[in-house]
Amino acid sequence: MPKMKNADSVYDESPAYPWYKTISVPSMRPVTIRCFVTILINFFLRQYHAAFLPGRVPVSRVDHPLDQKIPFIPSWVTIYLDFVFFWLRMLTFLLKKFGRRSFPEVRNFIETMGGLYVFACESYRKNFSTTERPFYIARPRFFIIHLLDPHLMCIPSLHVMVVIRTYTKFAEILRSYGEAENHAVQIEELKQGALAISQAILYVKQHSVNCIPAALYAMTCFDEKLFPPEEAEAFTALLFGETPSAPSFAGSPPANYRVRPWAAPCARISPEDAAVVKAHIISLYRRFLAEGKTAAAEGHSWEKPLLDFMRDMPRK
C-alpha cells in the first residue's frame, strides 16, 4: 500500500519547546546560546546604537513609488510578527517527530540562523536603511513594534531571509531523511507561511518593495544550493496570489486540518498592482545578481550591489 501523507501540522507545534530542549541537551546548548547572543548583538544592539548615536553609519531611505499601491492592512500584523515562531515551530516538529535523529540538523539550523544575522549585518554595519511607516498604535502589537524596532535594517529584509531559510532547510532535512513525500503537507505549509510573512512585511508597511529583492539576493548569496535564482523567481511568482491554498491532500483534507492564519480571507493588493510589484521585485533581483557577479570578479564582497543601491537613495 502507498504511504499515507502525514497530516500533522507544523502550526500546531509549540514555539517554546526548542528553547527548553536545546538548552537541556549539552551538545546543543552552546549553539543555542551563541545564536541568541548573536541575534541580540547584530539586530537589536546594533540598531539601538545607531538610533541613540546617529551619524556614524549612513542611513538611506529605500522607499519606492510602488509602495503606494500596497494598502496598509493592520490585520496582517499577527502574520508579520510570526516570523520567529515560524522557525521555532519547525524545530519543534523535527525534534518531536524524529527525536535524537534530528539533533545534528537542529543544531546546524540554529547555528546557521545566527550566521544569517551576521551575514545580513555585513550590509547593515556599512549602511542602514529605513522606510516611511505610519505611526499606528491602535493595536497593541504595533505599539510593541514601534517601541522595540528602531526600523533601520530594511535592506535586506531579515524577515524574508529567515522564512526562506526555514522553508528551504526544512525541505532539505526531510529529503535527507527520505521523508519528503511523507511530509509534503508540512513542506507546502511552511512555504505558504513564508509567502504570507513576506507579503505581511509590505501590508503592515515595515518594508518597501525594494527590500524583498534585496533579501532574495542575499539568500542566493548565503546558500545558492538551497535558494538558486530559479527558486527565488518561482517564490516571487507566488506572492500576492489568491488566498494561499491549503496543501494538496489525497482526497479530502484530514479532519484535524485547520485553516492557517495566513489563509483567512482578508484585504489584499489588486491583481493588477500585484503583477507590477512582482515584476519590479524580479527585475531588481536580477540586477543585484548581475552586479554581484561583476563585484565578485573585481574582488568585492557579496553586499556591494546593495550598498551601491542604498548610496544612490536619499539620505535620512
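1. Overall make-up. The protein in this predicted model has 12 helices and 2 strands, and, read from the N terminus on, its elements follow the order α-α-β-α-α-α-β-α-α-α-α-α-α-α. Of its 316 residues, 53% count as buried.

2. Helix α7, covering residues 158-177, and helix α8, covering residues 184-203, have axes that come within 9 Å and cross at roughly 175°. Since angles over 145 degrees count as roughly antiparallel, α7 and α8 are therefore roughly antiparallel to each other. On the α7 side the contact is made by His159, Val160, Val163, Thr166, Tyr167, Phe170, Ala171 and Leu174, while α8 brings Gln186, Ile187, Leu190, Lys191, Ala194, Ile197, Ser198 and Ile201. Sorted by class, this contact of α7 with α8 has 11 nonpolar, 4 polar and 1 charged residues.

3. The pair α11 and α12. Towards the end of the element list, helix α11 (residues 271-297) and helix α12 (residues 304-311) pack at an angle of about 120°, and their axes are 8 Å apart. The residues of α11 that take part are Leu284, Arg287, Phe288, Glu291, Gly292 and Ala295, and they meet Lys304, Pro305, Leu306 and Phe309 in α12. The class count for the contact of α11 with α12 is 6 nonpolar, 1 polar and 3 charged residues.

4. The largest pocket. This pocket has a volume of about 840 Å³, and 32 residues line it, of which Phe43, Phe44, Leu81, Phe83 and Val84 are the closest to its centre. Two or more lining residues come from each of α2 (29-52), α3 (77-80), α4 (83-98), α6 (140-148) and α7, and α2 gives the most, with 7 residues.

5. The largest cavity. A search of the whole structure finds 2 cavities of 30 Å³ or more, and the largest cavity holds about 60 Å³ of space. Its lining consists of Pro18, Trp19, Thr22, Thr32, Cys35, Phe36, Trp87, Leu88, Leu91 and Ile110, with two or more residues given by each of α1 (17-24), α2 and α4. In this lining 8 residues are nonpolar and 2 polar, with no charged residue. Helices α2 and α4 are also among the elements that give two or more residues to the lining of the largest pocket.

6. Gln206 and its surroundings. Gln206 is found in the loop between α8 and α9 (211-222), and, because its relative accessible area is 4%, Gln206 is buried. Once its neighbours within four places in sequence are left aside, Gln206 is in contact with Tyr80, Thr131, Arg133, Ile145, Asp149, His151, Cys154 and Ile201. Pro134, which stands 72 residues from Gln206 in sequence, is 9.0 Å from Gln206 in space, C-alpha to C-alpha.

7. Positive phi at Lys205. Lys205 also has its place in the loop between α8 and α9, and its phi is near 60°, a positive value in a residue other than glycine. With a relative accessibility of 13%, Lys205 counts as buried, the cut-off for that class being under 20%.

8. The loop between α6 and α7. His151, one of the residues in contact with Gln206, lies in the loop between α6 and α7. Phi of His151 is near 65°, again a positive value in a residue other than glycine, and His151 is buried, with a relative accessible area of 4%. Pro156 is found in the loop between α6 and α7 as well, and a cis peptide bond, with omega about -5°, joins Ile155 and Pro156.

Key
Residues are numbered from 1 along each chain as its sequence is written. This is a predicted model: local features need pLDDT of at least 70, side-chain atom pairs count only at pLDDT 80 or more; totals for chains, interfaces and linings use all residues. Side-chain values use heavy atoms; hydrogens and water are left out. Axes are lines fitted to C-alpha atoms, for helices over the stretch in contact, and angles run from 0 to 180 degrees between N-to-C directions. Helices (H or I, at least four residues) and strands (E, at least two) are DSSP runs, numbered from the N terminus. Angles under 35 degrees count as roughly parallel, over 145 as roughly antiparallel, 65 to 115 as roughly perpendicular and the rest as oblique. Contact means heavy atoms within 4.5 Å. Ala, Val, Leu, Ile, Met, Phe, Trp, Tyr, Cys and Pro count as nonpolar, Asp, Glu, Lys and Arg as charged, and the others, Gly among them, as polar. On a 1 Å grid over the protein atoms alone, a cavity is a set of points where a 1.4 Å probe fits but cannot get out, and a pocket is an open set with protein on both sides within 12 Å along at least five of seven lines; lining residues have an atom within 4 Å of a point. Grid points are joined across faces, edges and corners, and a volume is the space filled by probe spheres set on the points. Buried means under 20% relative accessible area, exposed over 50%, partly exposed in between (1.4 Å probe, protein chains only).
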